Amino acid sequence: MEIWGWVFIGILFLADFVVKIEPFKLGRSQPTERISGSAGDVLEDNPVGRLKVFVYELPSKYSKKILQKDPRCLNHMFAAEIYMHRFLLSSPVRTLNPEEADWFYTPVYTTCDLTPNGLPLPFKSPRMMRSAIQLISSNWPYWNRTEGADHFFLVPHDFGACFHYQEEKAIERGILPLLQRATLVQTFGQRNHVCLKEGSITIPPYAPPQKMQTHLIPDKTPRSIFVYFRGLFYDVGNDPEGGYYARGARAAVWENFKDNPLFDISTEHPTTYYEDMQRAVFCLCPLGWAPWSPRLVEAVIFGCIPVIIADDIVLPFADAIPWEEIGVFVDEKDVPNLDTILTSIPPEVILRKQRLLANPSMKQAMLFPQPAQPGDAFHQVLNGLARKLPHDKSVYFKPGERVLNWTAGPVGDLKPW
Amino acid sequence: MKLSALQQSYLGRRSNSFRSSGPLDSSSDGAFKSPAAVFWLVLHGLSCLISLLLGFRFSRLVFLLLSTSSTYTSPFHSPTELAKTLDIRSVIPADPVGNVPLPFPNKTATNSRVVVGRHGIRIRPWPHPNPVEVMKAHRIIERVQTEQRLQFGVKDPRKIIVVTPTYVRTFQSLHLTGVMHSLMLVPYDLVWIVVEAGGVSNETASLIAKSGLRIIHVGFSQRMPNSWDERHKLETKMRLRGLRIVREKILDGIVIFSDDSNMHSMELFDEIQNAKWFGAVSVGILANSANIDETVVEKRGEEENPRMPVQGPACNVSNMLAGWHTFNTLPFAGKSAVYIDDRATVLPRKLEWSGFVLNSRLLWKDGDKPEWMKDIDTLDGDIESPLDLVKDPSVVEPLGSCGRRVLLWWLRVEARADSKFPPRWIIDPPLEVTVPSKRTPWPDTPPELPSHKKPVIGIQEPIIKHTTKTRTSRSKRRSKRKHDETRTDRRTTGFDKTLQN
């Protein structure tokens with residue numbers, strides 16, 4: 001039942017006012033700050049024992065064969081769906097008895113149809129998802145019991161379950177009708193957006209933990225770059241004059257600050273990208289075609305304060321991580337004044353943000369390590385799912401009751417996969 | 001996917017160059033397009049073809065001519081296929097007008113406050129760095145770095161007491177500036193004790209006053225002699241004088257000996273903070289090898305272990321002090337410099353003072369110090385190396401990962417004994433003698449020489465020296481030094497003349 005989840009969070013919030021956030025310094029050797037009281041502790045919750053997940057056994061064409069066709073899926077930023085499947089298969093929360101399961105997981109890799117460049121094409125994804133749901137609804141009774149309200153799916157693509165990379169088209173399509181009642185675990189998050197359903201869990205995009213680990217530099221290397229960013233400002237292939245890409249925000253950053261010595265911004269791909277982030281105080285995380293990006297994960301891991309330029313964005317695990325305290329939020333309309341905004345932050349606030357970022361549980365919550373470790377993103381997803389329990393009695397239907405329209409949506413989606 | 005091949009030719013880095021083939025591909029939108037949309041699509045296709053022929057964006061031209069709107073368009077346009085907007089970077093004033101009324105979102109019923117479609121690129125009127133902001137940012141960076149140093153750097157750093165013997169000479173400015181700049185960069189508290197042979201002089205005082213460090217400048221009555229042996233002995237006495245100052249003023253910290261011609265790395269000052277009582281670091285010996293290259297080359301073929309120009313502690317396997325590395329001076333035997341301005345190699349002592357650091361408490365009269373430390377008042381200044389300060393050399397702590405890291409370099413470079421230089425390196429009065437250059441950029445200027453004998457000599461001398469410059473690269477350093485010396489000679493002889501006038 002969702003309402004109990006919200007009550008739980010409300011109590012935690014009240015507890016925040018009681019137990020103020022205070023620096024928890026164990027002498028000089030531990031410079032991190034523990035987010036005591038409120039949401040911070042939630043990061044360390046252990047989901048084992050709080051929920052049970054049943055993993056459907058689908059034919060391998062939904063998962064293994066796709067992966068065999070293109071193993072690049074394991075390394076790109078949408079790889080969370082694959083790793084979540086692997087994690088759940090061997091996790092203690094998994095149950096083989098569907099009768100006692102609280103949540104049902106359908107392993108279908110919808111984001112693994114890659115172009116030669118490595119970008120996923122979402123054109124077949126709605127059909128794939130639909131076909132998977134048809135399979136589970138005909139072979140097991142649990143889908144029809146609730147029409148998916150106790151099922152969860154991983155849709156890490158650009159606009160989640162809208163299955164398109166262009167925002168206008170995604171909005172037109174809307175969330176796949178069959179997923180209207182299920183819980184969606186996705187990377188996309190924007191308030192009041194069609195493609196973000198209420199009750200969805202936002203996760204960080206996948207960033208390879210080993211690769212980041214190998215690029216760590218000594219802590220005492222002084223941070224000498226003020227603002228750091230590497231990436232496109234103008235998407236020359238699709239939007240040469242700017243204005244569409246990133247809603248003009250990235251282009252505005254470039255035009256306003258390209259000759260500013262404090263801003264180390266360029267479109268190059270240096271091999272020292274990770275090392276440079278560790279030498280920077282602020283890292284820009286502006287939106288691109290979609291508001292989320294792996295830069296946020298990288299900034300958190302490397303202790304660089306993320307400057308988030310994306311209006312109305314919903315950040316990963318927003319109910320567990322106090323992003324307002326950790327990052328700096330800049331409205332897109334304020335981008336020309338970015339230097340004023342950043343330099344007017346008092347140094348004590350900056351130091352505090354860096355202490356919060358240094359908290360190892362923060363970094364752990366952003367990662368998908370293999371094998372899974374306590375406190376990592378897999379566990380945060382499970383925590384999120386556990387917080388939504390128990391399911392409201394009203395989601396269970398009497399036999400024969402139907403809500404979903406199986407023929408809704410564009411005609412092309414109805415073709416079998 | 002057929003158009004994919006066409007689109008693939010526009011390779012975008014890292015992103016979606018490929019994806020614009022999408023709309024034509026997604027089967028969902030195909031069937032139901034309004035006539036208006038079809039019309040605009042045809043028009044769009046037509047202008048694309050014309051643009052291909054003409055080479056610029058034709059549609060832009062058409063709409064520029066057709067449109068009647070003002071040059072400043074509002075930032076948010078309604079973005080559909082129905083209205084192509086002008087592509088103008090909208091320049092808005094520094095404080096934007098509060099509420100730009102958002103146009104009603106387009107037909108794709110989104111209830112997001114953020115509008116999809118083309119937005120203007122906001123550029124402020126003066127998109128250049130603001131100096132006030134830049135200074136604020138630098139202060140923030142400094143604060144962050146101080147905090148980093150507090151957290152990850154040395155805990156409880158002690159003050160560093162630097163003892164430097166010096167005397168006024170041509171190369172003093174070069175050497176002392178180098179040491180001074182290194183010391184100015186040290187992030188810890190510092191006291192610089194400068195002991196000057198020949199008494200306190202304005203020359204040295206004005207040089208070191210520029211540093212902004214805390215300086216104790218004392219004079220030593222003897223003048224610096226002309227031979228290296230004597231000079232080393234005098235320097236030892238001067239250093240002991242410095243140590244006596246530490247004792248008198250009861251300075252607390254780590255004493256390090258910086259000779260003015262040495263080069264220090266910043267890591268040295270971090271590393272010596274680890275010394276408890278008496279530490280030793282490895283010193284790189286940059287002995288200028290001249291004229292003995294051939295013999296060295298022969299010997300190198302015979303030896304198995306190549307000689308390292310390093311002096312410092314040597315450790316055994318369990319990282320305990322086992323002995324000392326010293327610089328092998330045998331190849332230079334008999335050919336080393338005796339006088340300060342000799343062209344031969346200057347040899348270091350067996351163990352240079354600059355490789356040792358001590359806790360200043362060892363020098364205090366009373367207080368708890370280990371009993372292996374000799375009292376400096378009982379010494380006469382006739383000690384050969386700093387190890388003579390302690391009764392038992394095994395108490396020395398090897399620093400810099402047991403001497404494996406070389407943290408400073410020893411170098412001795414001096415000018416000729418009779419070389420003169422302008423006091424404080426200010427040319428006053430201005431030079432009267434000017435020597436015309438042989439190669440001017442203006443070819444028609446006749447190379448007239450004034451009828452003064454001296455300049456002719458001045459020009460010819462370097463020519464002579466050039467012809468003798470047919471050396472191998474190894475001796476380039478030495479010949480360059482010689483060249484420098486002759487140049488200073490030339491100038492100083494010029495000075496002599498002007499001073500006499």
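Biologist: Which residue forms a salt bridge with Asp252(B), and how far apart are the closest N and O atoms?

Modeller: This is a predicted model, so treat every value as computed. A salt bridge pairs a side-chain nitrogen of Lys or Arg with a carboxyl oxygen of Asp or Glu, within 4 Å. Here Asp252(B) pairs with Arg361(B), and the closest N and O atoms are 2.9 Å apart. The two sit in distant parts of the chain, 109 residues apart. Asp252(B) is in the loop between H8 and strand E4 (254–257) of chain B. Arg361(B) is in the loop between E10 and E11 of chain B.

Biologist: Which salt bridge does Arg247(B) form?

Modeller: The side chain of Arg247(B) meets that of Asp375(B), at 2.5 Å from N to O. Arg247(B) lies in helix H8 of chain B, and Asp375(B) in the loop between strand E10 (356–359) and strand E11 (397–398), so the pair ties together parts that are 128 residues apart in sequence. Arg247(B) is buried, with a relative accessible area of 7%. Asp375(B) is partly exposed, at 31%.

Biologist: Where do Glu414(B) and Arg231(B) lie?

Modeller: Start with the contact. Their side chains form a salt bridge of 3.2 Å, N to O. Glu414(B) is in the loop between strand E12 (406–411) and helix H12 (453–467) of chain B. Arg231(B) is in helix H8 (residues 228–249), and 183 residues separate the two. Glu414(B) and Arg231(B) are both buried.

Biologist: Now rings. How many aromatic pairs does the whole structure hold?

Modeller: There are 30 aromatic pairs over all chains. To read one, check the ring centres, then the planes. Planes under 30 degrees apart count as stacked. Phe87(A) and Phe378(A) have ring centres 4.7 Å apart and planes at 20°, so they are stacked. Phe87(A) is in helix H4 (residues 80–89) and Phe378(A) in helix H16 (residues 377–387) of chain A, so the pair ties together parts 291 residues apart in sequence. Both Phe87(A) and Phe378(A) are buried.

Biologist: What are the values for Phe257(A) and Phe263(A)?

Modeller: Their ring centres are 4.3 Å apart and their planes stand at 5°, so this pair is stacked. Phe257(A) is buried, with a relative accessible area of 0%. Phe263(A) is buried at 5%.

Biologist: Which residues do ring pairs link into a cluster?

Modeller: The cluster holds Phe54(A), Tyr56(A), Phe104(A), Trp140(A) and Tyr142(A). Take Phe54(A), in strand E1 (residues 53–55) of chain A. Phe54(A) is buried, with a relative accessible area of 9%. Phe54(A) and Thr95(A) are 41 residues apart in sequence, yet their C-alpha atoms are 5.4 Å apart in space.

Biologist: Next, sheets. What is the strand order in the open sheet of chain B?

Modeller: Read across the strands. The order is E5-E12-E7-E8-E9, five strands with mixed pairing. E5 (263–264) and E9 (321–325) of chain B stand at the edges with a single partner strand each, so one side of each has no neighbour in the sheet. Strand E8 (residues 310–315) joins E9(B) through four bridges, and the two run antiparallel. There, Ala314(B) has Gly323(B) as its bridge partner.

Biologist: Which strand of chain B joins E2(B) in parallel?

Modeller: Strand E1 (residues 160–166) of chain B does, through seven bridges. Ile160(B) stands opposite Leu190(B) in E2(B).

Biologist: Why is strand E2 of chain B described as largely enclosed?

Modeller: Eight of the eight residues of E2 (residues 190–197) are buried, so the rest of the structure largely encloses the strand. Leu190(B), Trp192(B), Val194(B) and Glu196(B) point one way, and Val191(B), Ile193(B), Val195(B) and Ala197(B) the other.

How values were computed
Residues are numbered from 1 along each chain as its sequence is written. Chains are lettered from A and ligands numbered from 1 in the order in which they are written. This is a predicted model: local features need pLDDT of at least 70, side-chain atom pairs count only at pLDDT 80 or more; totals for chains, interfaces and linings use all residues. Side-chain values use heavy atoms; hydrogens and water are left out. Two strands pair if DSSP finds at least two bridges between them. Rings of Phe, Tyr and Trp (its six-membered ring) pair if their centres lie within 6.5 Å; planes under 30 degrees apart count as stacked, over 60 as edge-to-face and the rest as tilted. Buried means under 20% relative accessible area, exposed over 50%, partly exposed in between (1.4 Å probe, protein chains only).
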